[in-house]
Structures are given as C-alpha cells and as structure tokens.
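Welcome! Please take a look at the sequence and the structure shown here, and then read on for a guided walk through some of the details.

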Amino acid sequence: MTKLDKMISNISGEKVYIQTHNFPDPDAIASAYGIQCLLKVKGIDAQICYKGNIEKTVAAKMVRLLDIKMVEVSSLDQLKDTDEIIIVDAQKGNANIIDMDGEEIICIDHHPVYNDDSYLFSDIRPDVGACASIITSYYYENNIPIDRHVATALLYGIKVDTADMKRGVSRIDLDMFYNLYELADHYVLANLDSSVLQFEDLNAYANAITSIDIYNDVCFACAGNNCQESLVATICDFVMSLDGIDFAVVYSVKTDGVKLSIRSNGKYDAGTITNKALEGAGNGGGHEHMAGGFISESNLKKSISSRTKNPCNSINLNKSGLIDEVRDEIEQRFLHVINE
C-alpha cells in the first residue's frame, strides 16, 4: 500500500478540506493543489482554504496563471466538528496556522516536528527541501499522470522553497525537479519569476535598510508596520545577500503582534535557534536554512515590561522610543541563543 493509499484510507467522506499555513507561499499552494488533483482522481472532492491576504504577491499571480481555486477562511461556510481537514506544509498547533473547526486527520509537511500532535495519517519529512516534492512523489509512486498546470505549480513550489535548488536540497527534491521539468509550462514559470514588486513595497525595503543592525555575521532589520508576511520573507532573503552575513532576522509589527522571518546560510540552524529564542514569548521554528516566528502583542508587552522594569501598554512602532524596545527585545533573544 502506497502512502497515497494509506492517506485515502483514512478519509471517511466524499469531501475534505485542504488547509495551508497562513498567508500561503508557492510551496504551500502547489502542495495543496497537487493533493486536490490527486484526490479528484480518486473521486474525492477537496476544497483548498487558507487564512490571510495574498493579494499583490507572487502567490496571487501563481493562483491566477494556473487557475487554482482557493478560498480564504472568512469566506468559507461554517465547518462542522466532523468535517475532515488535511494540513499541508504546516502542522497543527504551529504559530503559522489557525485552528479551524473540523478535525485535522492528515498532515503532509517537510518542517521539523515541535508539537506532539497525532493524525490518522502523517507524512512529515524534515529532510526534504519542499513539501511539493513529497506530493510529486505520490504521483510517481501511483503511476498517476501529472497535467501541465499541476506540474508547473509543483515545480515552482520546489524552486521557491529550495531557492532555485540552492537551499536544503535532498535527493527527492532533485529527482522530482527533474521529473517535472519536461512537463511544466516554462512560459508560466518565466512569468512567475519576473518581479511582482509593488511601488509601496519599496517603503518596507527602505525601513529594513535604514534599521539594519549587524553583530559580527548576524543581521537584524525591521520592515516597518504591517508588512505583508511574504514581503518580510523576501526582504530577509535580500538581507542575507549582504557580504559576510550568515544569519538574518527581519520582522514587522502587526496589529496582533510581531511576525519574524529568519534565514541562515547553514552556519547556524535557523529553525532550532528561532524555536529557542521565542520560547516563553511566542512560537517559531523551521528548517536549518529558513524559519519563521510570531510573538503575540500581549506576550511582547509582558516580555518588554519584564526586561525594562517599565510598563509597556502598546507596541505601536509609531510611538517614540518603542521601536527601540521591540528591536532590543528581538535582538537580545536571538543573540542570547546564538552566543550560548
């Protein structure tokens, strides 16, 4: 029995929901789309859902060019407790995915396991560079043809999460990339690779550049208020291109807390460091080369108040002096772990 057979054997109904992490990136979207099409072959209807705004991102461009049907959770009909959910490119209990109504019965992911949650079926492979590689392998293990749109989505997901096969690449990533290459629409891939930078995004880059702090080979930068999560990640990749930088943290203050994106060239383990640095204040983790995290507003205020011995009632970066407190909190947490 293949992994796909095992997965399907745990689905009891004729419809399931496929949930990605919040603000899904191309790998999450490709993985969800790949699973949706696999289930359709097996006679199971699946609806892809996610939380967050992906407008004006390469993810939105990907969805449009490949005609991928996805629904933001606020537009979903109310789920019942008995509705079955498949999680892709994330895990139950992580900071980057909401807890929807329904039962998370299946998880397919490539991130390290930080929570001891059980599923009826799981295929979690932290050594794989892209979740899309795992999904692609299901097609080949079961001799299921891959159409051009699905192949293009899966190939692009692998390209993005492995930084064009330069980051965290495993044998399965190489094999699936090779298998998909001849099947994909390279005109669409070239279109996706072209810039989707918006004029207003330049403000976030400017914020990051002017706020850069460097400690030996470790770099921190603030992208400003309410920066899109995908843009925070893109800016973090940009900061990592600085000569002499081996580890980068870029963050943005949101209405409900602080979102962080972390990158490493391999000298430091981004996932492990992030998980330890945010312990007691937030949640975070990921791979050796790429991680993410979130600190809630309430936890950040408590942590700043405890460290400074002064009450902190707001984390609005527009308030004089408070940007320094947020910056110091984040930098001290990460530097403490790195220097252990």
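Asp 67 sits in the loop that runs between α3 and β3. In this predicted model, Asp 67 has a positive phi of about 55°, although it is not a glycine. As background, most residues other than glycine have a negative phi. Is Asp 67 buried, exposed or partly exposed? With a relative accessible area of 45%, Asp 67 is partly exposed.

Ala 163 can be read alongside it. Its phi is also positive, near 50°, in a residue other than glycine. You will find Ala 163 in the loop between α5 (148-161) and α6 (171-181). Ala 163 is partly exposed, with a relative accessible area of 24%.

Let us turn to the strands. Strand β1 (residues 15-19) pairs with strand β2 (residues 45-50) in the parallel sense, over five bridges.

Together, β2, helix α3 (residues 58-65) and β3 make a right-handed β-α-β unit.

Further along, strand β11 (residues 282-286) and strand β12 (residues 290-296) pair in the antiparallel sense, over five bridges. Gly 285 has Gly 292 as its bridge partner in β12.

Nonpolar side chains in soluble globular proteins tend to be buried together. In this model the largest nonpolar core has 55 residues, and the members that touch the most others are Met 7, Ile 35, Leu 39, Ile 68, Ile 108 and Tyr 139. Helix α2 (residues 26-41) gives the most to this core, with eight residues. A second, separate core has 26 residues, including Tyr 268, Ile 273, Leu 300 and Val 337.

Leaving aside neighbours within four places in sequence, its contacts include Met 7, Ile 35, Ile 87, Val 88, Cys 131, Ile 134 and Tyr 138. Asp 89 and Asp 123 are among the contacts of Ile 108 too.

Glu 104 lies in strand β5 (residues 103-109). Not counting residues up to four places away in sequence, Glu 104 touches Ile 85, Ile 87, Lys 92, Asp 99 and Tyr 119.

Ile 97 is placed in the loop between β4 (84-88) and β5. At 9% relative accessibility, Ile 97 counts as buried. Although Ile 97 and Tyr 50 are 47 residues apart along the chain, their C-alpha atoms are separated by 8.5 Å. Apart from neighbours within four places in sequence, Ile 97 is in contact with Gln 19, Thr 20, His 21, Asn 22, Ile 87, Ala 90 and Gln 91.

**Salt bridges**

Side chains of opposite charge can pair when their charged atoms come close. The structure holds 17 salt bridges, and the table lists some of them.

| Salt bridge | N to O distance |
|---|---|
| Asp 185 and Arg 148 | 4.0 Å |
| Asp 164 and Lys 159 | 2.7 Å |
| Arg 263 and Asp 237 | 2.7 Å |

Asp 185, in the loop between α6 and α7 (186-193), and Arg 148, in helix α5, are 37 residues apart, and their pair links distant parts of the chain. Asp 185 counts as buried at 19% relative accessibility, whereas Arg 148 is partly exposed at 47%.

In the pair of Asp 164 and Lys 159, Asp 164 is partly exposed, with a relative accessible area of 43%. Lys 159 counts as buried, at 13% relative accessibility.

Arg 263 is buried, with a relative accessible area of 7%, while Asp 237 counts as partly exposed at 34%.

Finally, Asp 213, Asp 324, Arg 327 and Asp 328 are linked in a network of salt bridges.

Conventions:
Residues are numbered from 1 along each chain as its sequence is written. This is a predicted model: local features need pLDDT of at least 70, side-chain atom pairs count only at pLDDT 80 or more; totals for chains, interfaces and linings use all residues. Side-chain values use heavy atoms; hydrogens and water are left out. A nonpolar core is a set of buried Ala, Val, Leu, Ile, Met, Phe, Trp, Tyr and Cys residues joined through side-chain atoms within 4.5 Å. Buried means under 20% relative accessible area, exposed over 50%, partly exposed in between (1.4 Å probe, protein chains only). Helices (H or I, at least four residues) and strands (E, at least two) are DSSP runs, numbered from the N terminus. Contact means heavy atoms within 4.5 Å. Two strands pair if DSSP finds at least two bridges between them. A crossover is right-handed if, with the strands pointing away from the viewer, the path from the first strand over the helix to the second runs clockwise. A salt bridge is a side-chain nitrogen of Lys or Arg within 4 Å of a carboxyl oxygen of Asp or Glu.
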